[in-house]
Amino acid sequence: MRVVRPKKALGQHFLKDLQIAERIADTLSDYKQFPVLEIGPGMGVLTSFLLDKGHDLSVVELDRESVAYLEQHFPSLHGKIFAEDFLKQDLKNLFPGEFCIIGNYPYNISSQIFFKVLDYKELIPCCSGMLQKEVAERLAAGPGSKTYGILSVLLQAWYDVEYLFTVSEKVFDPPPKVKSGVIRAVRNKRTELGCDEGLFKTVVKTSFNQRRKTLRNSMKPILGKDCPDYPLPIFDKRPEQLSVEQFVELTLITERHLRAQ
């Protein structure tokens, strides 16, 4: 039987535990009405469960060796294997409407995958899968947590993120040096932020650039040294203390200040 060699350059760690693969597949059990795109299927351990559970599945795989394996072992995926880089795909051309994303995500691009999901948030009602435990915890972390950061805020503005379970490094080939975590992000009911979305992203990123400082200091690159709003209580806080709603409030303050200049 042909076997795919895991490639370090692609961040490949192939899952061997079938029970865990099935648990990951089950994270989309409530979304069978939507087509599913699996990222980085490798040798198809998760793929087989998604197909068995009746999902309308397509896969995207950059590794040519894996593509050849999938074509040979999963004939039902004929015409549904995209041999390309997910990060470069125009997702609007893949499906006629909404779709879900799942995967045992390559560690080296897992954060970039979720930034891309945000770019297509109106098309993706649910995104789940496995990634490095530290990153998974960061995505699900709430205000006040040391792991709460830029991607936590930006993702949670549009998705309810749940950390589901931890996976040992021993169930992979080759074993990674860290544990993994499985999360599920479900689109919330928010249709707009109530502020300029581009500025919101800039405010979040700027404030976390100096996360140990109060916002009075970390926001100076945008607001300058003498912003008249600095006496407001929100500027006494550090970025990790702010909820999504408070970041919207901070963005509106920033917007008002920039207009007045």
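Modeller: Gladly! Let's start at Phe200, which, leaving aside its neighbours within four places in sequence, is in contact with Val153, Leu154, Ala157, Leu193, Cys195, Val244, Phe247, Val248 and Thr251 (contact means heavy atoms within 4.5 Å). Bear in mind that this is a predicted model, where local features need pLDDT of at least 70 and side-chain atom pairs count only at pLDDT 80 or more, while totals for chains, interfaces and linings use all residues. Residues are numbered from 1 along each chain as its sequence is written, and side-chain values use heavy atoms, with hydrogens and water left out.

Phe200 also belongs to the largest nonpolar core, which has 55 residues; together with Ile101 and Phe114, Phe200 touches the most other members. Such a core is a set of buried Ala, Val, Leu, Ile, Met, Phe, Trp, Tyr and Cys residues joined through side-chain atoms within 4.5 Å, and buried means under 20% relative accessible area (1.4 Å probe, protein chains only). Apart from this core lies another, of 29 residues, including Ile20, Val36, Leu70 and Phe172.

Now for the helices. Helices (H or I, at least four residues) and strands (E, at least two) are DSSP runs, numbered from the N terminus. The axes of helix 7 (residues 197–208) and helix 10 (residues 244–260) come within 9 Å and cross at roughly 105 degrees, on a scale from 0 to 180 degrees between N-to-C directions, with axes fitted to C-alpha atoms over the stretch in contact. That makes helix 7 roughly perpendicular to helix 10, a label for angles of 65 to 115 degrees.

Strand 5 (residues 100–104) and strand 6 run parallel and are joined by four bridges; two strands pair if DSSP finds at least two bridges between them. Strand 6 (residues 126–132) is mostly covered, with seven of its seven residues buried.

Stepping back, the open sheet has seven strands in the order 4-3-2-5-6-9-7, with mixed pairing. Strand 4 (81–82) and strand 7 (159–167) stand at the edges with a single partner strand each, so one side of each is left without a neighbour in the sheet. For strand 4, two bridges join it in parallel to strand 3 (residues 57–60), where Val59 stands opposite Ile81.

How values were computed
Parallel < 35°, antiparallel > 145°, perpendicular 65-115°, else oblique. Buried < 20%, exposed > 50% of the residue type's maximum accessible area, 1.4 Å probe, protein only.
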